Amino acid sequence: MGQLCGRCMQLLRDFIGFVQRMSSDLVQGIKECLTLISKCSCLKQNSSKNRQLYKPILQPHERVTAQEFLQHIETDFEMSPLGKDPLEALRTLSFSENPGLQQSAALYYLHMSQHMNIPLPVEHLEPFYALLSSADLEVQQMSSLSLVNFLLEGNIDKELVIQMGLLEPILDLLESEDPTVQCNSCACIMTLAVSESNREAIGAARGITPLLSLAKSYDPRVQQNAVGAILNLTQSEKIQQVLCKEGALPVLALLLESPDSEVQYYSCAALSNLAANVQHHKALLRPSDRFLLRTLISLLSSSVDKVSSQACVCLRNLATSADIQAEMVAENALPKLCSLLASGSEDVRRASIALLWMLSQHPPNQDTLACAELLQSLGMLLAAHKTDSVIVGHTACIIKNLSLSKNRQRITESRCVEGLLRTMLLTDTQEDSLRYVTSCLAELAKQEGAMLHMVQWMDEPLTKHLVRLAGQLEYPEPSFHAASIIQHMIGHEKMMILWKHHIGEIQAYIKNFLTHQEVRFQQLGISTFCRLRADLDFSLAFRESQMAKLLEQIRQQTEETQELLRVAMCHEDS
């Protein structure tokens, strides 16, 4: 080809200048576009494939460092933190662009995480950022797994991980296409989220969305850890708001039907935490769709104890309104709960009895609940678990609630009355459950049929225990209820014979009641005195103890009080 003449050269220069002037905006746009693309996380994920097209150059100082680190491992390797020089070598390997060197560093951390049983010093955390941010898949897998191991063993302070800036690369790994990396990074978040401050940091860093996405994963390991992380995050009310806005509720509700019992448990527990906050009930229980309610009730029949137990907890948290309680009963929850009362798991028994207690508080439910099947189950429960204060307390409250129903006669026909009386003997005075038991028995004693049934079971140990409880005014509620039971049983021949063995103790607590500050104690003391006075033995004992004098003093005080009240009221009218 010949050389261009001067004219042609000038034309070419003019053309080049024209192109430069006309395309400056286009070139700038291309540059900006390429810059944005290069910063996208998708290139980070796929760059490991690109690295396979060339062999990274091993820098001279990296070669020396690798040799020194290898020599240290071969000659002086211990399951303990590294010294200054080996640590510097490990840092060099971690920050290298050579994936082989990074893999060596990651492998070292993985081995340490599996065998070291002492805390990892802060300076050993610094290389993790480079390893977690590596474009090499094997480095990502090993470094994320070693971090999980350190966290689970408690060898790394969870708040320190966030403070060192490791949350960013961990959240980036959630978007990896590799299931192992996804699984490990979810496990990291799940472990970090046990701390309140870490939960706030995860929410602020927009870690919710990728977790919800991975909760739908087809890999069971990834799904378990993602839902486990969401569960821990639901312990924060602030994060609960974020989860609801991000659409967590339908995701968690659908996961209740997962074939994986761990996923069922985690999602159910997360929903329980959300249901504990009443402001979420509207979203959880949409009137047009009771999917969640029906699914939770079906989980009561789960063969996995912790799933059925957690379903009870979630339903109990949701059962704050009479309408929802009525729906639960209508959805046939009662037979399932009766079965759970006989479970061999303490958690299941306690969770189911607590839910039944909630349902029994709604009057329209009481007639349905007062069925032979449930009352038989409650009687058997009391007989088998007399010393379990949670079981005893809730059972007593349920029976008391059901005693208000039109089917109350069924209570006297069951083993519940006997169970309550026997339980009272074994319950410590300081236990709250004793207050519930005595309150229930006092309510039953007001009903003629139930009271006659109680009399049949009364014997000397029970009589002695009731009298002793009535005299323990330092525990006012059990004392008042025990005295009320005694007062209602007066007049029955069997009971009068039993009471006469304790005339002195009965006189003592009546005197204390008469001088008590509370009017209800005074009134109960007077009514008990009047009924017992009809018996010759008690009447004689009362005369000898000068009980009449005490009553006269109370009468005079009452008259003086009434006179003062009349004066005060007349003055007010004028």
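**Cysteines, rings and a pocket**

Hi everyone, let me start with one cysteine: Cys440 is buried, at 0% relative accessibility (buried is under 20% relative accessible area, exposed over 50%, partly exposed in between, with a 1.4 Å probe and protein chains only). Before I go on, this is a predicted model, where local features need pLDDT of at least 70, side-chain atom pairs count only at pLDDT 80 or more, and totals for chains, interfaces and linings use all residues. Residues are numbered from 1 along each chain as its sequence is written, and side-chain values use heavy atoms, with hydrogens and water left out.

How many disulfides does a search of the whole structure find? The search finds zero, where a disulfide would be two cysteine sulfur atoms within 2.5 Å. For Cys440, the closest cysteine sulfur belongs to Cys397, and at 8.1 Å that is too far for a bond. Cys570, by contrast, is exposed, at 52% relative accessibility.

Now to the rings. The whole structure holds nine aromatic pairs, meaning Phe, Tyr or Trp rings (for Trp, the six-membered one) with centres within 6.5 Å; planes under 30 degrees apart are stacked, over 60 edge-to-face, and the rest tilted. One of them is Phe128 with Phe150, edge-to-face, at 6.3 Å centre to centre and 90° between the planes. This pair links distant parts of the chain, from helix α7 (residues 126–132) to helix α8 (residues 137–152), 22 residues apart; helices here are DSSP runs of H or I with at least four residues, numbered from the N terminus. Both Phe128 and Phe150 are buried, and together with Tyr108 and Tyr109 they form one aromatic cluster.

Tyr265 and Tyr266 make a tilted pair, 5.9 Å centre to centre with 50° between the planes. Tyr265 is partly exposed at 22%, while Tyr266 counts as buried at 18%. Tyr265 also has the charged end of Lys306 over its ring, 4.9 Å from the centre (that takes NZ of Lys or CZ of Arg within 6 Å of the ring centre and within 35 degrees of the ring normal). Likewise, Arg520 lies over the face of Phe480, 4.6 Å from the ring centre.

Last stop, the pocket. Which helix gives the most to the lining of the largest pocket? That is α37, with six residues. By type, the lining has five nonpolar residues, eight polar and no charged (nonpolar is Ala, Val, Leu, Ile, Met, Phe, Trp, Tyr, Cys and Pro; charged is Asp, Glu, Lys and Arg; the others, Gly among them, are polar).

Note on methods. Helices (H or I, at least four residues) and strands (E, at least two) are DSSP runs, numbered from the N terminus.
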